[in-house]
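Please examine the sequence and the model together. The explanation below is intended to be read alongside both.

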Amino acid sequence: MLIHPMPDPIALQLGPVAVHWYGLMYVLAFALFIALGRVRIKQPHIAAQLWKKEDLDDMLFYGMMGVIIGGRLGEVLFYEPVKYFSDPIEIFKVWHGGMSFHGGFLGVLIAMSLWARKAGRNLLDVYDFIAPLVPLGYAAGRMGNFINAELPGRVVSDQSLPWAMLWPDIRYPLHPDPVFLQGLRHPSPIYQMLIDGLLVFVLLWIFARKERPRLAVGAFYTLLYGCARFFTEWFRTPDWETTVLGLPITSGQVLSLPMIVGAILMLVWAYKVRQRGRAPIISKA
């Protein structure tokens with residue numbers, strides 16, 4: 001049995017300014033984007049597309065806006081609309097946590113479409129370029145969730161599971177003694193960090209090291225993440241849950257299904273284009 005370490009969510013206090021671990025995880029995510037991007041632009045098939053370091057900096061700004069705005073709006077609209085609309089000021093308190101990946105995913109897609117238009121790049125090439133740069137940033141975000149004691153897992157069926165964890169109940173932050181949720185639970189943010197983040201990164205990075213048809217890398221990331229998230233959702237306490245054909249399905253799984261279906265269709269399209277001899281020409285247009 002493990003006990004959540006319950007670290008102080010504030011990493012550093014500078015007078016009236018509090019620097020939260022959750023925010024630092026986003027800084028780490030953006031730093032990883034730049035670091036991995038600089039490695040990626042040196043890969044021969046990417047270098048042939050004339051990507052530059054300046055493109056990374058520019059895309060990062062657009063991506064940050066997409067992640068923050070899309071992620072927060074996704075959390076508000078997909079998961080807890082009653083909570084946020086009853087107290088709209090809470091929407092802007094992003095340091096308290098609460099960012100939807102699916103909302104952030106849509107936000108980044110929109111942001112990158114704006115950047116591609118500005119830069120004169122093919123939008124599909126942009127998606128393919130940035131896809132391998134995303135999963136480790138996602139993993140950093142899940143570590144932030146763990147530090148904040150967010151996203152508790154379901155109660156484990158086998159209470160002797162070595163990594164089953166007592167999870168703090170964050171509804172009682174001012175209680176003099178730690179208050180825990182009932183039952184030992186799966187540390188679901190750690191599962192998602194390792195599977196949805198690290199494992200997806202390794203598989204996608206290997207796939208993207210070679211030249212692929214246009215859209216194949218972006219589609220493969222969407223498929224990998226959708227499948228990984230659908231799996232890890234089984235271990236997480238759902239924000240809401242329904243049944244389809246008598247089987248339970250959570251909010252995260254509902255949002256992941258379109259990703260899986262759409263990714264399969266995109267992969268079929270990408271490879272079908274190549275087989276027909278219309279493989280996309282590498283260019284900036």
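Predicted model: local features only at pLDDT ≥ 70, side-chain atom pairs only at ≥ 80, totals over all residues.

Residues are numbered from 1 along each chain as its sequence is written, and side-chain values use heavy atoms, with hydrogens and water left out.

The protein chain has a mean pLDDT of 89, and 94% of its residues reach 70 or more; pLDDT is the predictor's confidence in each residue, from 0 to 100. Confidence is lowest in helix 4 (residues 81–86), with a mean of 78, and highest in helix 8 (residues 188–208), at 98. Helices (H or I, at least four residues) and strands (E, at least two) are DSSP runs, numbered from the N terminus.

Strand 2 (residues 10–14) pairs with strand 3 (residues 17–20) in the antiparallel sense over four bridges; pairing requires that DSSP find at least two bridges between two strands. Within this pair, L12 stands opposite V19. The two strands form a hairpin with two residues between them, and G15 in the turn has a positive phi of about 65°.

Two packed helices are described by the angle between their axes and the distance between the axes. Axes are lines fitted to C-alpha atoms, for helices over the stretch in contact, and angles run from 0 to 180 degrees between N-to-C directions. Helix 1 (residues 21–40) and helix 7 pack at about 170°, with their axes 8 Å apart. Helix 1 is therefore roughly antiparallel to helix 7 (under 35 degrees counts as roughly parallel, over 145 as roughly antiparallel, 65 to 115 as roughly perpendicular and the rest as oblique). Among the residues that meet are W21, M25 and L32 of helix 1 and L136, A140 and I147 of helix 7.

Helix 5 (residues 101–119) and helix 9 (residues 216–232) also pack at an angle of about 170°, with their axes 13 Å apart. Their contact (heavy atoms within 4.5 Å) is made by F101, H102 and F105 of helix 5 and Y221, T222, Y225 and R229 of helix 9.

F146 lies in helix 7 (residues 135–147). With a relative accessible area of 10%, F146 is buried (under 20%; exposed is over 50%, partly exposed in between, with a 1.4 Å probe and protein chains only). Leaving aside neighbours within four places in sequence, F146 contacts H4, P5, M165, W167, P189 and I190. The C-alpha atoms of F146 and P5 are separated by 9.6 Å, although these residues are 141 residues apart along the chain.
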